[in-house]
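The exercises below ask for a careful look at one structure, and each is followed by a solution worked out in steps.

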Amino acid sequence: MQLTIVYLFSLLGILQTPAADSLVIFNPNRTYSYQASFVSPSGDTLSREQITLQPNGQPWKYDKTQTAFEIQYNNTPEDSLTFLSYVNPQSKKKKKPKSYVWIDAETTGAIEDEHQVWMHPIRSNQYNYTEIAPFPKVMLDSLKAGGEWNNVLVIMMGWGAFKGKVDNHYQAVRQETRTYGSLTLENCWLIRSIGRHSKLGNSHLDFYFHPKYGFVEMNYRFYDGAKISYVLEEVREKGV
């Protein structure tokens, strides 16, 4: 009986995952390149790097209702040395700071359907702060000037000092024309959001969303004054 239930849930997840050819933003024929930067609370730019997002058109293995994409980092040994002196914000005790874990790539999940576009944030290496801010998310039925939506994230064990509840609120502000590399995109929505962590305070994400290219710019401000931004530089299309 248990095996039957597990099978049915797995099948349901597969059926709910959009087919690759129905995806626009997370289409596997696309590659997105972003310029990423990390600014300390004192205003020092501690790192800059290019980060690549590559959708693969398959369900994410940890949640079959999500479509998978790979994040490729381009950190350097200098980044690792720089952040040796910057305490990992997940540390519960500043005198015994949690070590950073540096990776080159990871695969995570996103949702793209007729109701919403949502993605797990870029949150590995020095970017782990983004776990406690609002995740990039647009509720398409509410995407109008003044439109609002909310959600709650409960962060469990494994995230150290980030463990707690985050109440997230989003508001669509206005449409703008934005330029990213060779792309000039009309009708990008500016969306402001705030995440209220039960212990750490408020973190903000202001982002631009385009219906064809998704989250083209993400600017974070965290509870302690640190800032992280991801700005689209290039979109490559296979066969174009």
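**Exercise 1.** Find which residues I191 is in contact with, leaving aside its neighbours within four places in sequence.

*Solution.* Contact means heavy atoms within 4.5 Å, and by that rule I191 is in contact with V138, L143, W149, Y170, Q171, A172, L205, D206, F207 and F209.

The model is predicted, so local features need pLDDT of at least 70 and side-chain atom pairs count only at pLDDT 80 or more, while totals for chains, interfaces and linings use all residues. Residues are numbered from 1 along each chain as its sequence is written, and side-chain values use heavy atoms, with hydrogens and water left out.

**Exercise 2.** Decide whether S33 and M156 are buried or exposed.

*Solution.* Buried means under 20% relative accessible area, exposed over 50%, and partly exposed in between (1.4 Å probe, protein chains only). S33 counts as buried because its relative accessibility is 0%, whereas M156 is exposed, as its relative accessible area is 54%. As for their places, S33 is found in β1 (residues 30-39), and M156 is in the loop between β7 (148-155) and β8 (164-180).

Key
Helices (H or I, at least four residues) and strands (E, at least two) are DSSP runs, numbered from the N terminus.
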